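Here's a quick briefing to read with the structure open beside you. Take the topics in any order you like.

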Amino acid sequence: MQGSVFGIGLGLAALGVGIGLGLIGYGAMQGMARQPEAIGKLQVNMLIALAFVELVFLLTVFLAPAAVNVGIQTVAK
Amino acid sequence: MDLVLQSAQTMIASEKKAEHITIVGEFFYIGLVIVILFALMAWAKQGFSKKTFTNPMAKAFEQLYLFIQNLCVGTIGPHGGKYIPMIMTFWMVIFTSNVLGLFFPHTPTASLSFNLAMALIAVGYVQYEGIRSNGLIGHFSHFAGPKLPLMMIPITLMIFVIEIVSEVMKNVSLSLRLFGNIHGGHEAVTAMNKLGESVFVPVGAFLLPVKILTCVVQALIFSLLTCVYLSLVTHHEDDHGHDTAGAH
């Protein structure tokens with residue numbers, strides 16, 4: 001039970017982060033295609049944005065087990 | 001607060017369960033990284049007395065230096081050159097230990113404590129540079145947001161508290177990102193190896209290309225974010241210059 005809750009949560013988090021990363025890549029690609037001379041700046045900014053979005057998923061991975069534990073404890077009470 | 005504490009406990013417990021790495025083992029891997037770095041740099045130093053670099057390792061380090069210089073000057077501005085040594089150190093240590101993680105079961109960047117130490121050094125250095133370029137009062141008034149009328153003091157106080165919290169969270173985000181990427185990569189390889197255990201195929205090996213990409217990107221991200229934080233606290237003198245330049 002606990003594992004399945006964890007798995008569903010991870011899947012949802014991955015879904016959202018995937019959409020976010022895709023949007024960033026889409027925007028960066030469009031910008032690069034329109035303005036090839038700005039590729040350097042765009043790449044750097046894209047990587048920063050990617051890192052921030054990725055961090056959300058990592059935080060989910062680290063917080064989810066604890067959240068599931070707390071939820072189960074409160075339900076048991 | 002309870003949640004955060006518990007998550008930290010779970011994290012530490014899972015880390016202890018996953019790898020039985022002792023403090024001696026940790027220092028072994030850190031020492032390995034240091035030895036590799038010093039060996040490479042000693043090799044690169046061989047051709048320094050010549051007029052042109054014929055040593056391949058010296059050429060490679062020159063390219064790396066140019067890359068870091070571009071990163072610093074492009075992100076921080078014209079005065080970014082003096083931060084190159086720090087950023088380059090971060091890049092080399094993180095990249096070397098990430099690549100080490102491809103060959104060894106453990107690596108310094110796959111442990112949270114090493115990453116947290118590095119993040120503390122990075123953010124502490126940022127504070128030091130901010131104080132050095134703006135003065136103690138200037139640096140801390142930087143956290144209080146824009147200058148508001150006297151009536152708005154509660155809002156300024158709130159902004160100050162939030163900025164301080166976000167400054168502390170920089171440590172957490174820097175260290176957790178690196179730890180999660182490297183440690184998570186190891187966990188993913190272990191899990192995928194379990195998939196192919198019955199047919200004796202190391203399926204996890206197919207993750208190696210992604211992991212090589214992660215090695216470079218994570219080292220880049222850590223140095224890049226340190227650069228961005230540095231540019232945020234040291235941009236004041238430059239800002240006035242830009243303003244006057246714009247007014248002309």
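Helices here are DSSP runs of H or I with at least four residues, numbered from the N terminus. On that basis, the elements of chain B run α-α-α-α-α-α-α-α from the N terminus on. Keep in mind that this is a predicted model.

**Chain B overall**

- Chain B has eight helices and zero strands.
- Of its 248 residues, 25% are buried.
- Look at contacts in chain B between residues at least 6 apart in sequence: 62% of them join residues at least 24 apart.

**Where the chains meet**

**The largest nonpolar core**

- This core holds 42 residues, and the ones touching the most other members are I87(B), F90(B), W91(B), I94(B) and F222(B).
- The largest share, 11 residues, comes from α7(B).
- F222(B) is worth a click: setting aside neighbours within four places in sequence, F222(B) is in contact with F90(B), I94(B), L174(B) and L178(B).

**Helix pair one: α3(B) and α4(B)**

- Two packed helices are described by the angle between their axes and the distance between the axes.
- For α3(B) and α4(B), the axes come within 10 Å and cross at roughly 120 degrees.
- Angles of 65 to 115 degrees count as roughly perpendicular and those over 145 as roughly antiparallel, so α3(B) is oblique to α4(B).
- The crossing of α3(B) past α4(B) is right-handed.
- From α3(B), the residues Y65(B), I68(B), Q69(B), L71(B) and C72(B) meet I84(B), I87(B), M88(B) and W91(B) of α4(B).
- That contact is made of eight nonpolar residues, one polar residue and no charged ones.

**Helix pair two: α6(B) and α7(B)**

- These two helices, α6(B) and α7(B), pack at about 175 degrees, and their axes are 10 Å apart.
- Angles over 145 degrees count as roughly antiparallel, which is why α6(B) and α7(B) get that description.
- On the α6(B) side you'll find K170(B), L174(B), R177(B), L178(B), N181(B), I182(B) and G185(B), which meet K211(B), T214(B), Q218(B), I221(B), F222(B), L225(B) and Y229(B) in α7(B).
- Sorted by class, this contact of α6(B) with α7(B) has seven nonpolar, four polar and three charged residues.

**Two residues to look up**

- V168(B) belongs to helix α6 of chain B.
- Is V168(B) buried or exposed? Exposed is the cut-off for 12 or fewer C-beta neighbours, and V168(B) has 10 inside 10 Å, so V168(B) counts as exposed.
- V168(B) and V126(B) are 42 residues apart in sequence, and their C-alpha atoms are 12 Å apart in space.
- F200(B) is in the loop between α6 and α7 of chain B.
- Although F200(B) is not a glycine, its phi is positive, at about 60 degrees.
- With 6 C-beta neighbours inside 10 Å, F200(B) counts as exposed.

Note on methods:
Residues are numbered from 1 along each chain as its sequence is written. Chains are lettered from A and ligands numbered from 1 in the order in which they are written. This is a predicted model: local features need pLDDT of at least 70, side-chain atom pairs count only at pLDDT 80 or more; totals for chains, interfaces and linings use all residues. A residue is buried if 20 or more other C-beta atoms lie within 10 Å of its own, exposed if 12 or fewer, and partly exposed in between; C-beta atoms are placed from the backbone. Two residues are in contact if their C-beta atoms, placed from the backbone, lie within 7 Å. A nonpolar core is a set of buried Ala, Val, Leu, Ile, Met, Phe, Trp, Tyr and Cys residues joined through C-beta atoms within 7 Å. Axes are lines fitted to C-alpha atoms, for helices over the stretch in contact, and angles run from 0 to 180 degrees between N-to-C directions. Angles under 35 degrees count as roughly parallel, over 145 as roughly antiparallel, 65 to 115 as roughly perpendicular and the rest as oblique. A crossing is left-handed if the near helix is turned anticlockwise from the far one by less than a right angle, and right-handed if clockwise. Ala, Val, Leu, Ile, Met, Phe, Trp, Tyr, Cys and Pro count as nonpolar, Asp, Glu, Lys and Arg as charged, and the others, Gly among them, as polar.
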